[in-house]
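Please examine the model shown below.

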Amino acid sequence: MSVVSPRVLNTISEALQVSPAELTAESGSNDIENWDSMGTMNILLSLESEFGLRLAPGQTSQLQSVQGIVELLKKAGKLE
Amino acid sequence: MTVFLHGVTYHLPDNVVTNDDLVRLNPTWDAESIFRKTGIRERRVAAANETSTDFAEQAALTLIRETRISPDQIDALIFCTQTPDYLFPASSCILHGRLGLSSHCGVFDFNLGCSGFTYGLWLSRALIESGSARNVLLVAGDTLSKECGIGDQVTIPIFGDGAGAALLSHQSENAIGEIGTTLVGTDGRGWEHLRILGGGSRCPAGARQIEMNGAEVFNFTLTAISEAIGQQITNLKLTWDEIDRFLLHQANGFILETLRKRMKLSPERCPIDISDTGNTSSASLPVLFRRCLDRGDVAPGHQCILAGYGVGYSWAITSLKLLKR
């Protein structure tokens, strides 16, 4: 199992209003009830305020899983 | 040439559907959760035998009565709708007959959604400025509640129905405002994120229901619309502080709150008024505008920005100055 930065997990958990303990590197919108359309929009806003990440058109599909979000952040140079 | 606004009004269906009504039909839904996510408590929904043309007719009749224009003085009728009565004829032709307009009146429909009213202001102003028309009746309306998929938790809570109408003229007498320029924009790469595929020529037998990628539409709105509004303010050689009111298409409460926060605007300058109507698509701006006028939230002397944005993607940002009486 890959390790995800606590900062990323905390950002997602706050956006979804769930405990960070509920999230793992493998979590996604199918596993968390609050990770619906609204939850995804909250994640988008939280990633912008916490990491300065702005998404290009077509990239929001990657907001459906922790792994996708990590990849987005790495690709944008916001995460090592 | 200055183009004047003589009136704006709207018509909503009588049938009210509350969040509790939605929960009765969809027992796994939660009424408070719907409100929290959308800012909507109830919406007006067309009956099976009602169409956007019916609501447009009612709005137009009210406007004609209020502005006291003679129908034979209207020399152009523009109808923005995504939910016409038929593939053809154009709904504007049907409406022309019902309103008893002159045979010299030019009419046409155009198909845009939430940017449609301000796009229509752009078109109307151009017709008058060019000398092609003196008085233009602009109507915009949709019945998107009929296009939501059965049990669709994304679209059913959001969309309501209705129509709005505005009268623009070359004449200044009895005018309530001056219509300024409109900044229009399109990003056709985003068309797939908000669509109805069924019923058109490419998918004639496909499902006729709204498909919406909420996160993509949200991302577009946040990035493109505040920038477009800023660009229009620059084009007008004004500052943000010199705009008294920002009237935005009432998409949903969450998007509007986020946009308002991003643009650092107070609730007074950027009203949100969606809780009892839902998102009425192209009708939302005339509904908001008229309700603000009636409440005195928008007043003579105010410099306003009207911003329509949505399906396409498409946007149109219009400046409007209310005249002092």
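**Interface and helix packing**

Chain A and chain B bury about 1300 Å² between them, 61% of it on carbon and sulfur atoms; buried area is the accessible area (1.4 Å probe) that two parts lose on being put together, summed over both. The model is predicted, with local features requiring pLDDT of at least 70 and side-chain atom pairs pLDDT 80 or more, while totals for chains, interfaces and linings use all residues. Residues are numbered from 1 along each chain, chains are lettered from A in the order written, and side-chain values use heavy atoms without hydrogens or water.

Q: How many residues of chain B are in contact with chain A?
A: Contact means heavy atoms within 4.5 Å. On the side of chain A, 17 residues take part, and on the side of chain B the number is 12.

Q: Which side chain of chain B meets A:Glu48 in a salt bridge?
A: A salt bridge is a side-chain nitrogen of Lys or Arg within 4 Å of a carboxyl oxygen of Asp or Glu. The rule finds two across the interface of chain A and chain B. In one of them, at 2.5 Å from N to O, the partner of A:Glu48 is B:Arg262.

Q: At what angle do helices α6(B) and α7(B) pack?
A: Helix α6 of chain B spans residues 214–235 and helix α7 of chain B residues 253–262. The contact includes B:Phe218 of α6(B) and B:Arg262 of α7(B). Their axes, lines fitted to C-alpha atoms over the stretch in contact, lie 10 Å apart, and the angle is about 35°.

Conventions: Axes are lines fitted to C-alpha atoms, for helices over the stretch in contact, and angles run from 0 to 180 degrees between N-to-C directions. Helices (H or I, at least four residues) and strands (E, at least two) are DSSP runs, numbered from the N terminus.
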